[in-house]
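The tour below goes from one selection to the next.

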Amino acid sequence: MKQENYISIKTFCECHGVGESFVYSMYEYEILQLAYEEDEGKLHVEDLPLLEKMVRLHKELDINPEGIQAIHHLLGQVESLQEEVASLKKKLDTFK
């Protein structure tokens, strides 16, 4: 495991003022992936923006992990639909 691609869960939680249980609940709801090195949980740096967004939802709007999972799922569907609309617009443009 390359050290520069991961951050300790403990470090993330200290910087963002959340409990480690929150991060583990995001993993349980399949919102992010975790890695382990020497019995210490690590977060992939590519997951940090998503996790920071989830922390804001949790802290600022007081949304529980189940609600965050639902929001994450719905945002994924919206993104997929936006990509489909863009693709269909391109196809329509070829017929003009």
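Predicted model: local features only at pLDDT ≥ 70, side-chain atom pairs only at ≥ 80, totals over all residues.

Begin by selecting Phe-12, Phe-22, Val-23, Met-26, Leu-43, Leu-51 and Ile-68, which, of the 18 residues in the largest nonpolar core, touch the most other members. Colour next α1 (9–16), α2 (20–28) and α3 (48–61), the elements that give two or more residues to this core; the largest share, five residues, comes from α3.

Now centre the view on Phe-22 which, leaving aside its neighbours within four places in sequence, is in contact with Leu-51, Met-54, Val-55, His-58 and Ile-68.

Keep α2 and α3 on display, and look at how their axes come within 11 Å and cross at roughly 115°, which makes α2 roughly perpendicular to α3. The crossing in which α2 passes α3 is right-handed. Select Phe-22, Val-23 and Met-26 in α2 together with Leu-51, Met-54, Val-55 and His-58 in α3, and you will see where the two helices meet; by class, this contact has six nonpolar residues, one polar residue and no charged residues.

To see the contact, select Leu-50, Met-54, Leu-57 and His-58 in α3, which meet Ile-68, Ile-71 and His-72 in α4; by class, the contact of α3 with α4 has five nonpolar, two polar and no charged residues.

Key:
Residues numbered from 1 in each chain as written. Heavy atoms only, no water. Core = buried A, V, L, I, M, F, W, Y, C linked by side-chain atoms within 4.5 Å. Buried < 20%, exposed > 50% of the residue type's maximum accessible area, 1.4 Å probe, protein only. Helix = DSSP H or I, 4+ residues; strand = E, 2+ residues; numbered from the N terminus. Contact = heavy atoms within 4.5 Å. Axes fitted to C-alpha atoms, helices over the stretch in contact; angles between N-to-C directions. Parallel < 35°, antiparallel > 145°, perpendicular 65-115°, else oblique. Left-handed = near helix turned anticlockwise from the far one by under 90°. Nonpolar A, V, L, I, M, F, W, Y, C, P; charged D, E, K, R; others polar.
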